[in-house]
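Please read it alongside the sequence and the structure shown here.

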Amino acid sequence: MLTETEREPQPAPPAALGNLPARLTSFVGREADIAAIGADLAAARLVTLLGPGGAGKTRLSQEAAEAVRHTARDGCGWPNWRPWTTRTPYRRPC
């Protein structure tokens, strides 16, 4: 029998599928936009957000992906842009 100070270990929560980045700040508003993106994602696997720089497209896409993550069998993926943003020049193979 366990005492008050001893507790059975709790199972770890299931790991979230996908590779979405951690959210470091809160996100307020734009629920209608998130719902619209969710509806678009229900109809297509890829949705493109357009708008001027600084409008919040990246953050909105993160929130929308987080909102629909549970509906995707393999989770939601986040692209790795690093290979395209390096300053190393492209070298053609010999």
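A residue is called buried when its relative accessible area is under 20%, exposed when that area is over 50%, and partly exposed in between. By this criterion both Glu 63 and Arg 59 are buried.

The model is predicted, with a mean pLDDT of 80 for the chain and 74% of its residues at 70 or more. Confidence is highest in helix H1, at a mean of 93, and lowest in helix H3 (residues 82-85), at 65. Where pLDDT is low, the predicted coordinates should not be read in detail.

The structure holds four salt bridges, including the following.

| Side chains | N to O distance |
|---|---|
| Arg 23 and Glu 63 | 3.0 Å |
| Glu 63 and Arg 59 | 3.0 Å |
| Arg 30 and Asp 33 | 3.1 Å |

The salt bridge between Arg 23 and Glu 63 links distant parts of the chain, since Arg 23 belongs to the segment before H1 and Glu 63 to helix H2, 40 residues apart. Because its relative accessible area is 10%, Glu 63 counts as buried, whereas Arg 23, at 45%, is partly exposed. Glu 63 and Arg 59 are four residues apart in helix H2 and are therefore separated by about one helical turn.

Notes:
Residues are numbered from 1 along each chain as its sequence is written. Side-chain values use heavy atoms; hydrogens and water are left out. pLDDT is the predictor's confidence in each residue, from 0 to 100. Helices (H or I, at least four residues) and strands (E, at least two) are DSSP runs, numbered from the N terminus. Buried means under 20% relative accessible area, exposed over 50%, partly exposed in between (1.4 Å probe, protein chains only).
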